[in-house]
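These are my notebook entries on one protein chain. I wrote down each item as I looked it up.

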Amino acid sequence: MLLEDAAPNWPTCRTRRTKCPGVRVESHRLCLAHLDARDRDAYLSGLAPGSDIDARGTTFSEELLAALLNAVTDDRPHFGEAKFDRAIFEGYARFTQTWFSDDASFLRAEFLGDAWFQEVAFQHQARFAKASFTGRASFGDARFHRDAYFARTTFASGAWFDNIDVAEGVSFTDAVVAEDLMLTKAKIREGLHLAGAQIGKKLDLGEATFEGLRQLGPVVVGQRLVFDRATFLRPVELEAAAAEVSCKETSFAESAMLRLRRATVQLDGLNSESTVVLASQPRPFSVDQYYAPPKELDEASIDAAGAGRGVCLASLRGVDASRLTLVNIDLARCHFVDARRLDKLSLEGRCPFAHAPRRLAIGKFPIWRYSRRQLLAEELAFRSGLKSGSPVLDRAHARAWGQGVGKLGAEQIAVIYRQLRRAQEDVKNEPGAADFYYGEMQMRHYAANSTIGERWVLRLYWLISGYGLRAARAVMALLALLALGTVGFATIGLAPTQAVEFRPVQPQAAGQPLSYRQVTISGAEPGWGTALDQTVDSTVSILKSGQSRPITPAGRAIQIALGFLGPLLLGVLALSIRNQVKR
């Protein structure tokens, strides 16, 4: 329940010096702050531990607050029903270890200095709605036996709620915190209401336990939102816009939906008994308002932090990926090392990985054009440390995209690629599977456990067809084979042709018939057309015409080589075209 901006509904102080909203002390015309010393002492001496107090609208100096607390102190300050609505606390407001055995109301109270509510116990409702805290506000180790209301509260500095215990729920709806809101180690048995809250720097829920929470947010956090080692015991939906979100070793006993905006997310050690969905929210969050259209949450604090526009996943170390679904998440800088069951990772929507540059150039002069493919940040980090130039990536590009990734061996990266390839094959994503297969083969080439022979085979396979994925390269390899065969046959492979003629013998005696002898003469030298025809005939065995041409011993060797390499390259070409079409 919020106190609206209206005139006080209690009898106000009748001091002549200033217009005072303080409630009159019983049997007096003045508030507690304006009573003379004798009347004030008389009023305070009539209080006892557990007394009700009505100090609405009253201005408290540090001395007056200390005197009030002393009046109700036994072993600790103890109020019954306490009404501090619209009260103003000018200095250090120290309520440490105070016990409120009935409702405590601080609606629209103003704390002009630091406010200390450490180890306070609220036996019934604790209402701080629309209060304002100019200095630091600390509720560390406080116990709320019912609900706690901080809706539309303003914290001009930080707010600490470490290790609080809330028997029901706590509300920060539409609250504004200029710096940090700390709820570490909190125990909240029902809801934590943060809809519409604006946190300037950090919201820390680390090691908190939520027994009945089902909805959190939407909330805007300017810098970091922390759920490290927090525990959620019910199905929960979390909605937040933040520059960074950390869920290290967070536990979800049931399903969870993390709907985020603009955040770089860390999921190291995430533990879940059911499915966890991490999804990118395309539009700014909005919250419903009474008698007004929904309000879109302001993300200016995130803009100031320099956050990007999309959600990026930074790490999956130690995560069981079989229980994780990613929807429209940027994976360009994600660390997959030590993740388990990556072959069961579910990717939906657009989940881009890192990519190779379009070309390598010196100034404006291109010297190499790269094939576009998806890569892992681990491969980029690996390539940034290569001593020799990479045939796929230039080292500057690798350093830029692979920053922050621990150096892994090529064997480990190949395993990650293999698992991700299987995950893509299971959902019939052929382009993604092909890119991960390409990356796996590249890492096998660099793996320390690969033999020299295996490396040469892999390099040749890459050269002639891009591991069966680059049809243009296979066509070029086949054309190069035909060109070499043609040159070989035209120069040293074909023997000169020979013709047989029958020439008459010297004339015989008169009346005798003519006799002829057989003469072999040299024919024309074989031309380029004949050499090409012989090359194609030797290469494509299924199209051989069966015609016989004289060849030299060198030509026989060329013919054997073409007969072996030709069908091989044709098969590679067919495979490459098939894979290209599937992509």
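**Entry 1: The chain as a whole**

I began with contacts, where contact means heavy atoms within 4.5 Å. Among contacts in the protein chain between residues at least 6 apart in sequence, I found that 36% join residues at least 24 apart.

I noted that this is a predicted model, in which local features need pLDDT of at least 70 and side-chain atom pairs count only at pLDDT 80 or more, while totals for chains, interfaces and linings use all residues. Residues are numbered from 1 along each chain as its sequence is written, and side-chain values use heavy atoms, with hydrogens and water left out.

I then looked up the secondary structure, and the protein chain has eleven helices and 45 strands. Helices (H or I, at least four residues) and strands (E, at least two) are DSSP runs, numbered from the N terminus.

Next I looked up burial. Buried means under 20% relative accessible area, exposed over 50%, and partly exposed in between, with a 1.4 Å probe and protein chains only. Of the 583 residues of the protein chain, 46% count as buried. The protein chain exposes about 28,300 Å², and carbon and sulfur atoms supply 52% of that area. Accessible areas come from the Shrake-Rupley method with a 1.4 Å probe; for residues, only the protein chains shown count as cover.

I looked up Ser246, which lies in strand β29 (residues 236–246). Is Ser246 buried or exposed? Ser246 counts as buried because its relative accessibility is 1%.

A polar contact is a pair of N or O atoms within 3.5 Å; within protein, one must be able to donate a hydrogen and the other to accept it, and residues adjacent in sequence count only if both atoms are side-chain atoms. The side chains of Ser246 and Asp228 are joined by such a contact, at 2.6 Å. Setting aside neighbours within four places in sequence, I listed Arg224, Leu225, Val226, Phe227, Asp228 and Gln266 as the contacts of Ser246.

I followed this list to Arg224, which lies in strand β27. At 29% relative accessibility, Arg224 counts as partly exposed. The side chain of Arg224 makes a polar contact of 3.4 Å with the side chain of Glu244. Neighbours within four places aside, Arg224 is in contact with Lys201, Lys202, Leu203, Glu244 and Ser246. I also noted that Arg224 and Ile302 are 78 residues apart in sequence and 9.7 Å apart in space, C-alpha to C-alpha.

**Entry 2: Ser315**

I turned to Ser315, in strand β37 (residues 312–315). Ser315 is buried, with a relative accessible area of 2%. Which side chain makes a polar contact with the side chain of Ser315? I found that of Asp268, at 2.3 Å. Not counting residues up to four places away in sequence, Ser315 touches Val265, Gln266, Leu267, Asp268, Cys334 and His335.

**Entry 3: Backbone details**

I checked the peptide bond from Gly217 to Pro218, and this bond is cis, with omega near 5°. Pro218 lies in strand β27 (residues 215–226).

I recorded that Arg108 is not a glycine, yet has a positive phi of about 60°. Arg108 is found in the loop between β7 (104–105) and β8 (110–111), and is partly exposed, with a relative accessible area of 23%.

Asn328 is not a glycine either and has a positive phi of about 55°. I located Asn328 in the loop between β38 (324–327) and β39 (346–348). Asn328 is partly exposed, with a relative accessible area of 36%.

**Entry 4: Helix packing**

Two packed helices are described by the angle between their axes and the distance between the axes. Axes are lines fitted to C-alpha atoms, for helices over the stretch in contact, and angles run from 0 to 180 degrees between N-to-C directions.

I found that helix α6 (residues 410–426) and helix α7 (residues 430–446) pack at an angle of about 160°, with their axes 8 Å apart. That makes α6 roughly antiparallel to α7. Angles under 35 degrees count as roughly parallel, over 145 as roughly antiparallel, 65 to 115 as roughly perpendicular and the rest as oblique. Among the residues that meet are Ala410, Ile413 and Tyr417 in α6 and Gly432, Phe436 and Tyr446 in α7.

Helix α8 (residues 452–465) and helix α9 (residues 471–493) pack at an angle of about 95°, with their axes 6 Å apart. That makes α8 roughly perpendicular to α9. Trp462, Leu463, Ile464 and Ser465 of α8 make the contact with Arg473, Ala474 and Ala477 of α9.
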